[in-house]
Amino acid sequence: MMANISDLSRVALDSSRDSSGSGSSSRSLRVAESMKKKGETNPFRSALSSLSQVREGTTVKGNDELERNLVVVETIAFGQGLPPEAVSLLLDFALSLRAGSVTCSRVLKFLIPASVVPQEAIVRGVSWLCVGKMPVNAQVLFLRWVLTVFDLIDCKDHLRAIYGFIFSFVTEENLCPFICHLLYLLTMREHVQPYRVRKLLDVQAKMGRQPYLMQLLALYKVFQPELVSFSVPTRMRTGFKNHNSTWKAALTAVQRKNRAEVMADHSLTVEVKEKPTSRKRKLHHLEVPALSSAFDTNSERKVFRLQELQSFTELIQNIHNIELPAQMGSLLGSSLALHYLDCVQDESAFLRLNFWLGHSLQEEFLLCPADGSLSSLAEASQFLSIILSSQQFLQESFFSTESFLYKFLTVWDGSLLRTHFLDLLSHVPLMPSHYIKILVFEPLMQLYFTSAVFFKCSVMECLNNMLVKWLTWHSVNALEDGLDISLNSNGTVTMTLSGFMDTIIELVRFVGRLAAEGLRLENCHVLLLSQTLTFYETVCDMFVKYGLPLVIMPPAGVFYPALLATDSLTVDRLGYIMYRYRKNLTLAKKQEQQSEQTFHISRNTYQEFNQHLVAMVSCLWNSKSFLPGTGFEIDECLLTQTKVPEYGSRFDLVHHPAFFKYAIEFHQKFWPRRKGVDLASIKVGKYWNWYVEFLFSQGFDGLNDFIQVNTGHSSSSGSSSQGNRHHVNQR
């Protein structure tokens, strides 16, 4: 395990640079030269043996033997990591202060585990903490190191056994943030006792409502809500800071070299593809960790580890004996673990999972380097995909993901992992209209109007998926009286039906504004128009399909571009949308007349529908486009200046640009010997009925339904009834 001489010399120089004074540098050079001459066969084991024999009060300054041993161990630690027994020995050596506080800090800074950290080493470290000999800076450094390597501790049952000793340090002002963080990770239901709650409240009275105290009290309230009487915010900001900056780069490099030893159990994990280079700020935040128990397998506790589950049957049989894993993020890698999370509905599990997830997302996307570069987009993409699949499995989003998205939208450029972030955005839960306007709509609108047409299409798809999820949630979860709707299965937030409808109205009108202006900016791009019509296919059926007593018509900036579009599919989809609007309005009016309902469709909605209906029938069926009384009039002088003959019939089913080719094809089939093309002959007598049947046989089902319902035309009728005879009655 010995490094080569040149590497050792370089490390000695680097180490000496961190020490104070030129004398220390000269001593390191002498140590390296001495090692070169001796050529020891196994200097690492010899160095560990020597350090274990150091007695209290040993002189440090000028002690070449001690310096040589520290350099050897430091070299191995940063190059390959330390084995578990070395971690135990060095931690005990450092915290006992046998070589002074300066050496203690130095050892703690290169204490990089190669695989796991024995929990007994941490227990002995806490015992040294209780002695009270260490200076405050060494105590803080030790606690930071424990928090950094917490997920590498082999098991934690003995640590939980000394929970009371650890808790006693919450009164220490300098240690309190780190102690609260450690307690947060160790706390179980049996640890929440009245005297501990009182102690935390006393500390809070002295220090104020510090985030780390609030986070620990929030966890206590989850386990024992009767003991924590005051209200704890359900969505407060992260209370614990990241303390791993001292060891991050070295630990990342060592773990990548020893991945096979650290990640021994892959049976229920989602593996993330390894990349040759690592992110500077990264400590495996974008990897779903392996499932590992928080308890010793030899413990007398009768627990069933999640990684031992092989089937859903085993999960049901052992559901009351299952112990949550040491790292809650590992739940995202197992469908059986997600089943357990969904069945048990353990609030503490959701709290811990959200803490891990929120920290990972914030560290990698909100706190990334200034240039915004991500060295492994594939890894980030897979990580976000795992979050999405987990949310879809649970059928609700994680509030840490929501909080991250609201912050990330303000700095997002719209291109980084666009599909994943928009998919996550479509999963955000319902919220009051004024909140969603500020948190989602305003930053999204800025991106929408400054991006290309394909991003606009993606935004429209995202908002349609959001609307579908909200409407589906309403149709499934709304109470029968329609007055109180619970927003989250794990929360207590409620919203009235009127509040729910206000949010839906805000969303639909927001999309209407985006669509109308976007179509104008993009010259009615066919893809953007298609995504817009997909959204209104959802909107037009909100009452019949989802039971929501609400009808909102598309704005003129969406309706008329679709009516005058040059592709037949768009006009056919508009016909289907108008047909479904009529069905919804007719049913709503019928229910209002038959029973006393607390809701009603406004008169303006009926008037707006009839205006669109008259315009569409006059244009496609009656050959009266742009004329007075048709819903969209154009001044006759302007129409005359266009020099278009018979301008009123330019957008009927024969001359409309979307159906012109079908009219030509029909003309050639019925009058194959004619040299010229006279489309006016199609509208004469029986040829008109035949042409309409021919047109509908091309698959325009939406247009077929619209024409039959609103004109009375039927393929079996001998003559057509021209005119709109079936307006929806206004109230």
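The side chain of serine 96 is in polar contact with the side chain of arginine 98, at 3.0 Å. Keep in mind as you look around that this is a predicted model. Where does serine 96 lie? You will find serine 96 in the loop that runs between helix 5 (84-95) and helix 6 (100-109). A polar atom of its side chain also lies 3.0 Å from the backbone oxygen of aspartate 92. Setting aside neighbours within four places in sequence, serine 96 is in contact with Trp128 and Lys133. Is this serine buried or exposed? Serine 96 counts as buried, because its relative accessibility is 6%, and the cut-off for buried is under 20%.

In soluble globular proteins, nonpolar side chains tend to be buried together. Here the largest nonpolar core has 134 residues, and those with the most contacts inside it include Phe421, Ile504 and Tyr691. Helix 23 (residues 453-477) gives the largest share of this core, twelve residues. A second, separate core has 83 residues, among them Leu91, Leu141, Trp145 and Leu200.

Zoom in on isoleucine 504 for a moment. Apart from neighbours within four places in sequence, isoleucine 504 is in contact with Leu467, Trp470, Leu471, Met542, Leu548 and Leu550.

Helix 14 (residues 248-257) is largely enclosed by the rest of the structure, because seven of its ten residues are buried. Those buried residues are Lys248, Ala250, Leu251, Thr252, Val254, Gln255 and Arg256. In helix 12 (residues 194-207) you can find tyrosine 195. Tyrosine 195 counts as partly exposed, because its relative accessibility is 47%.

Our last stop is the cysteines. A disulfide is a covalent bond between the sulfur atoms of two cysteines. How many disulfides does a search of the whole structure find? The search finds zero. The cut-off for a disulfide is a sulfur pair within 2.5 Å. Cysteine 180 is buried, with a relative accessible area of 0%, and cysteine 155 also counts as buried, at 7% relative accessibility.

Technical notes: Residues are numbered from 1 along each chain as its sequence is written. This is a predicted model: local features need pLDDT of at least 70, side-chain atom pairs count only at pLDDT 80 or more; totals for chains, interfaces and linings use all residues. Side-chain values use heavy atoms; hydrogens and water are left out. A nonpolar core is a set of buried Ala, Val, Leu, Ile, Met, Phe, Trp, Tyr and Cys residues joined through side-chain atoms within 4.5 Å. Buried means under 20% relative accessible area, exposed over 50%, partly exposed in between (1.4 Å probe, protein chains only). Helices (H or I, at least four residues) and strands (E, at least two) are DSSP runs, numbered from the N terminus. Contact means heavy atoms within 4.5 Å. A polar contact is a pair of N or O atoms within 3.5 Å; within protein, one must be able to donate a hydrogen and the other to accept it, and residues adjacent in sequence count only if both atoms are side-chain atoms.
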